[in-house]
Amino acid sequence: MRILDFLAILDQHSRDPRPHLIRLVDGIDGVVELAVELSPRFDFGDIKPWIRHQENGAYIAVGGDHGLVIGSDIPLATDGRFALTGRIPVQACKRYYLSMY
């Protein structure tokens, strides 16, 4: 399995470009079980955001004046109110993504 993390600026000419943190997971050989746990925190870890699932499949994490939009093709579910978790077998020649902005 190969994991690639990068920060993409999707509209660099905008007055307020939105950086997207993207993780790509590529299956290289065989099958590897991947566990995902995403626990966003704001204000240097002091604020645990509420996480809500949207109709379009994305998740919204909101805490104080801060927020994140989280998208993935890995099936995720809320773990209580403050985290997302998922588990998936990553097979050779398959690619999955996780995106936050």
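Student: Which strand holds Ile 9?
Tutor: This is a predicted model, where local features need pLDDT of at least 70, side-chain atom pairs count only at pLDDT 80 or more, and totals for chains, interfaces and linings use all residues. Residues are numbered from 1 along each chain as its sequence is written, and side-chain values use heavy atoms, with hydrogens and water left out. Strands are DSSP runs of E, at least two residues, and helices are runs of H or I, at least four, numbered from the N terminus. Residues 2-9 make up one such run, which puts Ile 9 in strand S1.

Student: Is Ile 9 buried, exposed or partly exposed?
Tutor: Buried means under 20% relative accessible area and exposed over 50%, with partly exposed in between (1.4 Å probe, protein chains only). Ile 9 has 44% relative accessibility, so the label is partly exposed.

Student: How many helices and strands does the protein chain have?
Tutor: From the N terminus on, the elements run β-β-β-β-β-β-β-β-β. The count for the protein chain is zero helices and nine strands.

Student: What share of the residues is buried?
Tutor: The protein chain has 101 residues, and its C-alpha trace spans about 45 × 40 × 30 Å along the principal axes. The buried share is 34%.

Student: What percentage of the contacts with a separation of 6 or more joins residues 24 or more positions apart?
Tutor: A contact here means heavy atoms within 4.5 Å. Among contacts in the protein chain with a separation of 6 or more, residues 24 or more positions apart account for 53%.
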